[in-house]
Amino acid sequence: MATKTAEGAETAGTGSGTEARKDDETTTAGPGAVAETDQAEQAEQTEQTGEAGPETDGDEDGESGDAEGAGEAEADGPGGKVPSGVGQGAGAVVSAALGLVSLTGGWIGTVASAREQLIGQLRTSTSASVGTQLKEVYGDAWHTTALWAGLFALAALITAVVVLVRPAFGAPGRPQAAWIRSVAWAGLSLGVIGLLLAVLKYSDALLAVPSAG
């Protein structure tokens, strides 16, 4: 019995020692395993961050490039160019000049009147009546001058109207310069006056050719 007890004690002691040894090994291996696990997780996170970083930067660069490209496209497009108003200013000046020519007659009207007068002299014989000579030589020449003055006045009117209504068909929010509007209105006024005088002269209501009687 003593022998069995001793053997049991030895066996129990051996088992306890084995279990203690296992516990020691587990205790000793525990922190190392945890450390290795933490390092593995950190490595995986670093790899994931490294892979996601360039993609994010690439996306941001792509978006920035697209935004810049869109901005350049809008700036280079027809809507991005700011109208200078040079054509409208030139049209306003031309309308005013045509209005002045309609009032003064211009060299074209003078040449046309002289030509009509010469034709009348060639067609009219010396034996024709005074009334006929006045009509053929002076009346037709006077009407020719009035006709050319009316054409210049009509051209001034059309040009001035085109300049004044041009902003309605241009870029919205771009007001027309004040001097362009002023000159265009001046051309329009001169055109109206010149056209009215031309009609009165051509119809013999103003400065008609005197009669022979």
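These questions and answers walk through a predicted model of one protein chain.

Q: What share of the residues of the chain count as buried?
A: Buried means under 20% relative accessible area. The chain has 213 residues. Of these, the share that counts as buried is 19%.

Q: How far apart are the end C-alpha atoms of α2, and what span should its residues give?
A: Helix α2 has 19 residues. At 1.5 Å a residue, they should span 27 Å. The distance between the end C-alpha atoms agrees, because it is also 27 Å.

Q: Which elements are included in what covers the buried residues of α2?
A: The buried residues of α2 include Gly 89, Ala 92, Ser 95 and Leu 98. Other parts of the chain cover these buried residues. Among them are α4 and α5.

Q: Which residue follows α2, with a positive phi?
A: Helix α2 covers 86-104. The residue after the helix has a phi near 95 degrees. That residue is Gly 105.

Q: Is Gln 176 buried or exposed?
A: Gln 176 lies in the loop between α4 and α5. Its relative accessibility is 9%. The cut-off for buried is under 20%. So Gln 176 counts as buried.

Q: Which side chain is joined to that of Gln 176 by a polar contact of 2.7 Å?
A: Leave aside neighbours within four places in sequence. Gln 176 is then in contact with Gln 88, Val 163, Leu 164, Pro 167 and Arg 181. The backbone oxygen of Val 163 lies 2.9 Å from a polar atom of the Gln 176 side chain. The side chain joined by the 2.7 Å polar contact is that of Gln 88.

Q: Which element gives the largest share of the nonpolar patch?
A: The surface patch is formed by Leu 100, Leu 103, Ile 193, Leu 196, Leu 197, Leu 200, Leu 206 and Leu 207, with about 670 Å² of accessible area together. The elements that give two or more residues to the patch are α2 and α5. The largest share is four residues, and it comes from α5.

Q: Does Leu 200 count as buried, partly exposed or exposed?
A: Leu 200 lies in helix α5. Buried is under 20% relative accessible area and exposed is over 50%. Leu 200 has 31% relative accessibility, so it counts as partly exposed.

How values were computed:
Residues numbered from 1 in each chain as written. Predicted model: local features only at pLDDT ≥ 70, side-chain atom pairs only at ≥ 80, totals over all residues. Heavy atoms only, no water. Buried < 20%, exposed > 50% of the residue type's maximum accessible area, 1.4 Å probe, protein only. Polar contact = N/O pair within 3.5 Å; in protein donor to acceptor, adjacent residues only side chain to side chain. Contact = heavy atoms within 4.5 Å. Patch = residues over 30% accessible without salt bridge, like charges linked within 9 Å, V, L, I, M, F, W, Y side chains within 5 Å. Areas by Shrake-Rupley, 256 points an atom, 1.4 Å probe, with all protein chains shown as cover. Salt bridge = Lys/Arg side-chain N within 4 Å of Asp/Glu carboxyl O. Expected span 1.5 Å × (residues − 1).
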